[in-house]
2 protein chains.
Amino acid sequence: MQTPTACLIIIGNEILSGRTQDKNLAWLARELNEAGVRLMEVRVIPDIEATIIATINACRPAFTYVFTTGGIGPTHDDITSAAVARAFGVPLEPHPEAVAILEKHYTKEQLNAARLKMAETPRGASLIENPVSAAPGFRMENVYVMAGVPSIMQAMFANIKHELKGGARMLSKTVSAYITEGVIAEKLSAIQDRYPGVEIGSYPFIRQQRLGVSLVARGTDEGDVQGAYQEIKNMLLGFTQEVEETDLAVA
Amino acid sequence: MQTPTACLIIIGNEILSGRTQDKNLAWLARELNEAGVRLMEVRVIPDIEATIIATINACRPAFTYVFTTGGIGPTHDDITSAAVARAFGVPLEPHPEAVAILEKHYTKEQLNAARLKMAETPRGASLIENPVSAAPGFRMENVYVMAGVPSIMQAMFANIKHELKGGARMLSKTVSAYITEGVIAEKLSAIQDRYPGVEIGSYPFIRQQRLGVSLVARGTDEGDVQGAYQEIKNMLLGFTQEVEETDLAVA
């Protein structure tokens, strides 16, 4: 079975302006891998309806799953739900279950028009529960629409993870050394040639003014990953004894 | 003059796997804004040649400037330069100036085939100097190809920033309060309606178990931004005295 793929669409001017450092990408990538789904692309786009529609419609036929984060709150700049409805060519309308959730969470006085907007979904959507702040996300076919606040997004994802049909998990082993890539490139390439089923990545870093590299073997077959990793480690030991099995490139 | 736009293409399996937290997006977004260029889209893609080619060719006619990070080192997984050459339909070949730079930086013994690969650029490229580790980036038309290591990317960008033809800078003012979005949404929307030239963003956050929101007024006209900001602040003060002019949502 081919590993199912995913695309993450991060919607929000605040990420593109550099104001907010995204924290959802790395978290979701690891969770998806746990579920046997491979994150193959991420797009960060602004709160512009035409861009959201075009991006969703470009991505949903191209990947097994599409996840969006951001833009489903009560304020005027929260336009994701309306854009998803337009992308699917269906009306945006109050979802009875979502209305019920908000009626339970808020008093009558609190549940104003802006908050009721959070109960609107594209026709045909199923809800994604939000145990943090009540207002739900939703799914339309293979598109999962989630909040942008990391703690809420994570709680929503926990409620849909079991729905994902995953393939084999990617396993990875990393070894690092204070050595420059140019020194090991040729030998590393030869190891890659011997393990076509393993992706060998080489990630240079600079730490305390020293150049180093982290070498990562990734693949779905444990024996192959272990074999490639051992060869990489032995190769490094041919250059230096200062080899660490921790991942020095991850800061 | 319309504000020039930019797209950032982050190339690298290590970002998509969640192994490495990207640090280039937020940094570049702020630098571009300083230069009067607006980052409108970011794509994170894997080290797959066909994907790199398709992404570059989709983005270069759509934005004033395209920046790529990652994949220009000496190892087998560094395939960005070859993919850019194919995207432009030109051969990849040793760039004489780049060869000279590497010959000056490395001894004859050090300058092996893998390192010489870093001197190969698409025909017609102009170099982007790399004061950190010598091997240059390059520009092809409106596409700037840079290293993925943040300190190297930043040093490269410093050498090309003056080339960018920018428009007006986006100015922004932020005010935060421990209040939920639903309470202020309607009044905020009315302020937005009075300032069509200002983008008002509403960014909820959770800090020490308290829900809050940061409200950001962004625009190119200082008077408008200041006016919208003052109205937003006054509106918040109608609900709570605990209003902070710092940006609580930025962690």
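These legends describe close-up views of a predicted model.

**View 1. Helix 8 packs against helix 9 in chain B.**
Two packed helices are described by the angle between their axes and the distance between the axes. Here helix 8 spans residues 181-194 and helix 9 spans residues 222-237. The angle is about 160°, and the axes lie 10 Å apart. An angle over 145 degrees counts as roughly antiparallel, so helix 8 of chain B is roughly antiparallel to helix 9 of chain B. Their crossing is right-handed. Helix 8 of chain B contributes B:Ile184, B:Lys187, B:Leu188, B:Ile191 and B:Arg194 to the contact. Helix 9 of chain B contributes B:Ala228, B:Glu231, B:Ile232, B:Met235 and B:Leu236. By class, this contact has seven nonpolar, no polar and three charged residues.

**View 2. Helix 3 meets helix 4 in chain A.**
Helix 3 covers residues 49-59, and helix 4 covers residues 80-88. They pack at an angle of about 50°, with axes 9 Å apart. That angle makes helix 3 of chain A oblique to helix 4 of chain A. The crossing is right-handed. On helix 3 of chain A, look for A:Glu49, A:Ile52, A:Ile53, A:Ile56 and A:Asn57. They meet A:Ala82, A:Ala83, A:Val84, A:Arg86 and A:Ala87 on helix 4 of chain A. The contact residues divide into seven nonpolar, one polar and two charged.

**View 3. B:Phe67 sits in the largest nonpolar core.**
In soluble globular proteins, nonpolar side chains tend to be buried together. The largest nonpolar core in this model has 96 residues. Within that core, A:Phe67, A:Phe157, B:Phe67 and B:Phe157 touch the most other members.

**View 4. A:Thr69 is a buried residue in strand 3 of chain A.**
Strand 3 of chain A runs over residues 65-69. A:Thr69 has 2% relative accessibility, so A:Thr69 counts as buried. Beyond neighbours within four places in sequence, contacts of A:Thr69 include A:Leu8, A:Ile9, A:Ile10, A:Ile11 and A:Asn24. A:Met146, A:Ala147, A:Gly148 and A:Met153 also contact A:Thr69.

**View 5. Helix 7 of chain A has buried residues covered by elements of chain A and chain B.**
Helix 7 of chain A spans residues 150-160. Its buried residues are A:Ile152, A:Met153, A:Ala155, A:Met156, A:Phe157 and A:Ile160. From chain A, the cover includes helix 2, strand 3, strand 6, strand 7 and strand 8. From chain B, the cover includes strand 10, residues 199-207.

Methods
Residues numbered from 1 in each chain as written. Chains lettered and ligands numbered in written order. Predicted model: local features only at pLDDT ≥ 70, side-chain atom pairs only at ≥ 80, totals over all residues. Heavy atoms only, no water. Axes fitted to C-alpha atoms, helices over the stretch in contact; angles between N-to-C directions. Helix = DSSP H or I, 4+ residues; strand = E, 2+ residues; numbered from the N terminus. Parallel < 35°, antiparallel > 145°, perpendicular 65-115°, else oblique. Left-handed = near helix turned anticlockwise from the far one by under 90°. Contact = heavy atoms within 4.5 Å. Nonpolar A, V, L, I, M, F, W, Y, C, P; charged D, E, K, R; others polar. Core = buried A, V, L, I, M, F, W, Y, C linked by side-chain atoms within 4.5 Å. Buried < 20%, exposed > 50% of the residue type's maximum accessible area, 1.4 Å probe, protein only.
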